[in-house]
Every structure is written in C-alpha cells, then in structure tokens.
Amino acid sequence: MALSAASMMLAAPAIAQQVGSTATQDEGTDSRDRDTTLSADAAATRSAAITGTPQASSGGEVIVTGTRITRPNLASAAPITSVTRQDIQAQAPLNVEEVLNRLPQVAPDAQSNYADSDGRQRIKLRSLGFERTLVLVDGKRLGTQNGQDTGIIPATLLERVDVLSGGASSVYGSDAISGVVNFVLRKDFEGLRLDGNYNFYNHNNTSNIVTPIATAAGFSSPRGLTNDGGRADLTLTAGKKLFDGRLNVSGFVNYRQADLVQNGARSYAACPIAQLTKDSALSCSPLSTYSRSGFVSPLSGPNANAQYVNNPNGDRGFVPFGPGAGNAANGYDDVSFQRANERYTAGGFVNFKISPEVEIYGDGIWFRDTSENPTPRRVYSYTVAGTTPYQVNCDNPFLSGGQAGALGCAPGSTGFVPLDVRYRFDGQPAQADRFVNMGFRATGGVRGKIGEAWSYDIGGVYARNQQEWYLGPTSQNDRVNRSLNVVNVNGVATCRSVIDGSDPNCIPFDAFRAGSGSNALTNYLFTSGATGLRRQVTQLFDAIAVVNGDLTTYGIKTPWADDGLAVSLGTEYRKDRLISEADAGFVAQFGNQDARLSQDVWESNIELQAPLVQNKPFAHLLQTNGGFRVSKYSSNPKTFSTWKIEGLYAPVADITFRASYNKAQRAPTVIEIRQATQINYGRNTTLTDFCAPVSRTLPDGTVTTTPLGSRELCSKTGLADNLYGSTSLLCPTEGCTTRSGGFTADPETAYTLTFGLVVKPSFIPGLVFSADRYQVRIVNSLGFNGADYYLQGCLASNGDPFFCNGIVRDPTTGSIGNAPAGNPTAGFVRQGTTNYYRTLANGWDFQGQYSLDLNGAGRLDWGFNGSLSTLAGGQDSPLRLQYNCAGYFSNGISCGQLVPKWAHTLRTTWTTPDRTFNASFNWRYTGSLTTANNSGNPDIGGTPERFQNTFARIAPQSYFDLALTWNVARKFAFRIIANNLFDKTPPIIPNSYQVALSRTNTAPQRYDALGRQIAIGTTINF
C-alpha cells in the first residue's frame, strides 16, 4: 500500500469515477505487489476515468457509483469525487470518518473527539444530515440508516471511496437525498500482507486567551511540548487463488486502538470559556459545584440556600463557592478530547467464477468496538435522583462548630438538618458510561452473463448492528444519607447504621473537609458495575435483482452512434427493524426506551443510457440517461416515485458538458416515525412565554415589565385578551410543558440539479479540470424542531400560523406550563419530529489534477478539490423569508453546521524517476465563519440588538501535511507522515458547546483540535 508516483498524485480526489487500479500494474508484478508498484502512467488512467471509461474491479465486476448499468464506456453525468487507497494512506487515518472529513463536500464529524459520542460514525453530505446520505459498500447498502456504523470498514481495506453528491433515489432507493458514499473494498488479494500504522499527537501547549481566565478561576493550564493520544491500526490480510484463478478466497483481521486525551491536556481547553452576555468579558463558565474540596449548601436556618465549599486549606471551615484555587471545579477538564476506544474487525471474501454465465460471490465483516466517557466519581446533588434533601446530624464528629452553626444547628443539638452535598473524588477509579457497538454484515449472490447482450446480478445484504449502552456507577442517595449520619464511638467516627445493624457495611463520609475520600468510601457510595443498560438492535434484510442489457447487439441505436441503448432493470425488497430494550436503572434516568419497530419496502426501477451521437464533427459525444423507480413503504399508504434525467455533450474530446436533474424522496426511518407519532410530555426550564410579563430595559433606559409579544400576536396563539401580561402565564419552576409526538411524518422530496463541464485540453497533456454547480431543494422536509423553534418563530414572524399553531394554551389560564401527562387540552408547546417547509443547499465544486514530467528529475503531480457553498439553509414556512447559513456559525438559535463558504485541498507530490521515493505536501484550507448574530437576517438571529463586536468571526484556517514514502524491493513500504505539520492551534471559540457541541473551546469536527499528528506506517508483502 505504499504511495507511489501515481498513487500520490492526489490526496484531493479524482474528478469522476475511479474504478480499480489493476490496469496500472507493472508487467510481471503479481497482485501481492501492486500496492507498492503502481506504474508511472497511472495518471493517464485517472484521466481516462474522468472522461468516463470505467474498468473492471479486481473482483471482476464493474462498479460505478451512481448507476447499476455496467457498460464499459459509461460516462458520469453527475460529479463523482473519488479517494484512492493511496490518498487514504497519505493521511494515516484510524477510521474512514477521518478520510471523508477532508472532503469539502462532506460536513465533517469527529465522533472520536466528541465526548458525548456513542461511538458510531456516520456521514453527512452537504451538511444535510446522515439520514439523507446513503452509504454503500461495493454498491450495496451498509445497513439501516439508524444503526449503521462506517467504522466497520478498516481504512487499510479500501480500494477507493466514491462520493456522488446529488440525488440518487431512482438508482438506489430512499435515503439518497444528498448523495451516495460508496466504499469499494479490495477482495482479490493473493499472498500474505501486513499493514501497520501508529500515530500520536505532538503539541506544544502555549499561553493563549484561555490561560489568564483559567488561572483566575483557580484552574491549571498545561505548558510545553506533550506527546499523547497514541493510536494504532494493524491489519493482516491473506488470500489464495485456486482453479486457475477462478476461485479467490481472502480474509483479514484488523485491530484499532486509541488512547484517551482529556480536555485538561490542552492549554486552550483549560476551562470552558463563555461570553455570558453580548460583548462581555470572558469567564470560565459554568463553574462546577462538584468541587474537589466539597460543596455544601444548607437548606434551612439563616443561611438557607447559601453556597459553600470546604476551605481548601483543610481547616474545617466554609468559604463561599466561587472562583479560586480549590473552590469551584472545572467540570470539563476530565472530559474526553479524544475518546479511548478499542475495535476488532474481521472478515472474509469469496468469489468463484464457475463459467461466464455463473459467478458466485459472498463476503462477511464482523466488528466489536468499545469506548467510554470516563469522569471522576462524584457524589451528586440529591436532586439528580430524587426530591428529598440529604440529612446530617448536628453532633456529627466531622462537623466543626462553625460549620454546624452555618448549617443551622443549634449549640449542643443532636437533631438533623437538611442540606445538599456535592463532592468530586479525584484519584479514585473513574465512573464511565460505556458503549459497546458490534455488528455483522454479510452479502452474497450470483451473477453472470446471458448471451452477448445481457448480464444479471441476484443477491442480498443482511446487516445487524447492536449497541449496548452501560451507564456508569452513580452515588446512591440512601447510602449518602447513611454515610452522613455519623456518631463518635470511643473516638472513632462510626455510621449509626453500623451501630443499629441496619447497614453494617456503611463507611462514614467526611463531607466537611477538603480532599476527603478513599477507596472504601467510594466503593460503598457507588453501586458496583453499571447502573443501567440499554440494548438497541437494528437489522437490514435487503434482496436485490438486477438485469443489464447492451442493446447494441440487436442494432438498437441511432445512425450517428457507435453504441446502442443500454438498460438496467431492477427490483428490491428491504426490511428495516429496530429493537430497543432498557432495564429499570436506565429507565429511571432516561425514561422508557423499549421499542419494536419495523417497516417493509418494495421497489422496482429502470435505467436507460442512450448515446445519440458519437465521434462526429462538433459532437464527440451526445448522450442522454434516464431512470425511474417506484417505491411502496408499509409505513405509508401511498406509493411514490423518483426519477432522473441526465445529459452529456462533448463537442470535442477536450471538453464535456454534463447535467443531471433528479427527483429523490426519503421516507422517514422507523425511529422518525416513532418520534413523530408517540406522545411524550416533558418540562423545559429554558423556555419563556412571550405573552407573560418580563422585566427588561428599553433603549431609552426605562424599565418595563410588559410582554415581549404584542396583544395582537398573543391572540393568534389562542390567548384571551384579559389574560395578556398575566402572571398566570409564567412557567412554573420546573419549566414550561413540552409535547412531542402525535403528528404525522410523510416522505420528503428533493429536487437536485447539477450541471458543469470537464476540460481535458489535448494541448496541455496531463491536465484535467472540472467545475460543477449543484442545487438541492428539499420540500416537506423531515426533521426535529425543539419547542423554542415554535416560540421564537411565532414571535419573530408576528403570528405565522405554522409556528403559532405549535403553542397550545390551557383554556382556563392560558398557560403553556400546566399540561399533566396525557391531558391534550392543557397548555404545552409542541416539539419533535415532523415535516416542515424547505431545506436548501446550493454551491459549486471545482476539481483538477495536473502531472508534469521533469525530464529525468522525476515527476510532479498536483491535485485540487474545492467547494464553494452559496446557500446552506432553508425556509421554515411560506410566510417566512429564506435563510442562508453558509459562512455563519451558530448563535444558539440556528446555523449549527459550521459551513464555510469556501474550502479546498491542494496536494503536490514529487516522485523520483525510479519511483522508490516520493514526498507529498498537502494544503487544507477552511474559509472564515461569522456568527449568525451578525448576518443581518432576523430569521437566524441576526437582529440589531444581537450584533456582536467581539468574537464574532472565526478566521480562515490553513493546515499543511507532509507525507514521505519509501518503496523497497517491491515488497516493503515505509511511510512517515506529519498532519498539521506546523502544529497550528485551533481557533478558540467562546461558548463552544453552543457553537459546536464541544466543551473544548473550539470545533473539533471542523478544525485540527489536538495539534500536530505524527504517523509511522509500513506495508510488508510476504
């Protein structure tokens, strides 16, 4: 798998289909050597792929993403981005998610850097969500949309990755709204090969804007050079060809592992920085009450609800909770910046060509992945698991006189007082939520030729994914209470429950001294093992039959074309299943999780390819393609259809114009159907009723308590005039009532248009360039909207029924905070999964490559891939204006995808004449982002009063990568790679959880968050 002259031509992808690499082998080199000995004219092979001449893959079949037609001269009318295995090796990725994150067409994700991740890796094209991206392996579905995990695919096993960004439902069925990602695997291996990669982060922690803020709050900030985050990837592959090569059997085992890196290991994540109000000074926020010194709050007496921590100096006195060394805690210094995980994968492939008419194939891949979110053990507030406060006896020997008085104890009292206690135990075994993801995917079938004109492929997919979510051990309120009820027995602090025999295992808890804790205490306070378990299983049953015909044999062609009509006919049956079960411990914390859901799908489709003119003056190629599919889902009474129309025109061989227009549809997944239909009530403390009185300062300086909404607007929500501004509209302490479910979820429809050109000038050998425009318009969009979406939308639109109808008021009080469970007539605000108006994405893709022979000094290759996003947004209702999030980052109201207007990669590679060494330099660029507050569009929060003057812009970011590769004797390859070569620190973003769901003060899914990465890799063929 070494990076040879041709293979390192691009880390930016090829412009169109890149099908297989066997044609680029040196003569006399067997398949065991091809990874390290690609020929010097591989660039010409790539150019042939761009102009639309696919080759048979190593398994014998023609795999072209975006169509089922297997004609050898098939040209792509829609832009396809390809990443070859050599491009992948130049990045030293641990998983395929990291490969795709570098493509401008993909919304980057970082599940390995996301502390709240469940360990699964999924793909989002055009920032349109993973549900709208169809993932294939060798042209067949990976699994269900809800359960699939692309981490099942080892990066070292890939032949290439194809990305078709645009609707493809007429070819592949539902889910291909934003496009298709097709992973093409290597299956024809012969011999024995070992692939090994190890990488780690080499970062220099320096002072930055976070440093003084963290220091002022009492938190440490690391300095100097650190090496951490080690990651290993080891694959052993073996294969054998028998019966004169007609039978090929191969298999692999893969092991991947990553070390934990916590937030506290980076100076720019020393504490979560926040800008609490517009343009205010930065601060560490939120400060955690789970202090190493111990947090105590009396709930009675003269100091009721005061907040104290034990004096960090250990003198058994209270000091006020707040910033300061040992006082408040940094609640996120121990959060995973890189999650520790371990993954095992194994698989096998078989291909037996009995005759040209019958070829049997099959494969299977199994994986198991384990990851954790470790945090120090904490005694949680009593409110986490109940409503009854903790109690402490006033004669507790751990209490000093001053502490007892502060808690409300009278001198000499032996009674009990209520209090809240919170404590963080450092140095003790961590508590952790643990995720175990495992799965199996198998495909099989038979294919072959029928005469000269026809071929067939009858096969299927079975995929099963299972996730087990184990909740970490938590403190038990009853045990905390018993450990606080302590008396002095002959000078020894002893639990009263030990004395009376009700709990002989009780360990006294000295909650009134800093630095308390022991293994014995934490073993007692915390339950052993997991406190809850949810098991979720998804299954895909997929049966497909495809017949292809090249009707040239029958003379069905135009008089001006060399090739005739090509046709593909297909039928498919799918069944998606989801089974979710949870034990009592899990339900107590997260509610009911049990479900048994399924839906069946029946589909039929046809594709046509019709060359109209070929090799004529002013018409080197004129071709039209079409497709039509009919789909019936058991979850919907209607039958719906999708289609595509495509065209190619090349007046000369040097230039090709192409266009594609698709109608694509996506039916809701089984989870979306459940979310839309099942009614659940909840409470949200962040919501406010804009018809209730609210105290605020007007621009002229006067203070008013009038509602935010006008009387006329409030009447449109069903509020009686006499209740306008009434205190009865204020939500209770536990929050406004929300209701999800009870709605329909219909299929959404996308109309996708792409058009552009491919230029391959004959007067500049080695140059290929393409530019393509894409436009995606999704109507009746499926998605989740929170209750604030309806409240803010109704207020901002001044009464749009689409939003205001989501506010249901109590008929008597007008409140939205009184609905008890199961009472649909009382007040609530709607939220949940349903259909809304439009989602939109427009832009341009630019790709190019150029190869230059240096006349005895080797060869230079350049590869470029760029994307300009002109629209990334939508329209919430016909009465609202269209909004655009391209170039903006989230302000807590909208624009959560961080879509820069421009992003690109540019790789330059020099290769020696004998192809034994190459050096490849890659430039990754991400354009600037501005807060949506400064957009000038009220629909995304860009109002004058929200305009920011500070931290309103994230500057453009450039990263540079260097890969050096040595090929030795065609049997051994050695690689040294430095990603983020200059150790560029990521941009620091206040309120980063609001912006990017990250507690690291940056956006790890968009930027290199951990610094320089050094990788060492090798490939050995035996």
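In this predicted model, a residue counts as buried when its relative accessible area is under 20%, as exposed when that area is over 50%, and as partly exposed in between.

Q: Is Thr-909 buried or exposed, and what is its relative accessible area?
A: Thr-909 is found in strand β44, which covers residues 902–911. The cut-off for a buried residue is under 20%, so Thr-909 counts as buried, its relative accessible area being 0%.

Q: Which residue's side chain is joined to that of Thr-909 by a polar contact?
A: Thr-909 belongs to strand β44 and is buried. Its side chain takes part in a polar contact of 2.8 Å, and the partner is the side chain of Ser-920.

Q: Is Ser-127 buried or partly exposed?
A: Ser-127 is found in the loop between α3 (96–101) and β2 (133–137), and its phi is positive, near 60 degrees, although Ser-127 is a residue other than glycine. Most residues other than glycine have a negative phi. Because the relative accessibility of Ser-127 is 17%, the residue counts as buried.

Q: Is Asn-991 buried or partly exposed?
A: Asn-991, which is not a glycine, has a positive phi of about 55 degrees, and it is found in the loop between β49 (972–979) and α15 (992–996). Because its relative accessibility is 22%, Asn-991 counts as partly exposed.

Q: What is the omega of the cis peptide bond that joins Ser-285 and Pro-286?
A: Most peptide bonds are trans. Pro-286 is found in the loop between β11 (283–284) and β12 (287–288). The bond joining Ser-285 and Pro-286 is cis, with an omega of about 5 degrees.

Key. Residues are numbered from 1 along each chain as its sequence is written. This is a predicted model: local features need pLDDT of at least 70, side-chain atom pairs count only at pLDDT 80 or more; totals for chains, interfaces and linings use all residues. Side-chain values use heavy atoms; hydrogens and water are left out. Helices (H or I, at least four residues) and strands (E, at least two) are DSSP runs, numbered from the N terminus. Buried means under 20% relative accessible area, exposed over 50%, partly exposed in between (1.4 Å probe, protein chains only). A polar contact is a pair of N or O atoms within 3.5 Å; within protein, one must be able to donate a hydrogen and the other to accept it, and residues adjacent in sequence count only if both atoms are side-chain atoms.
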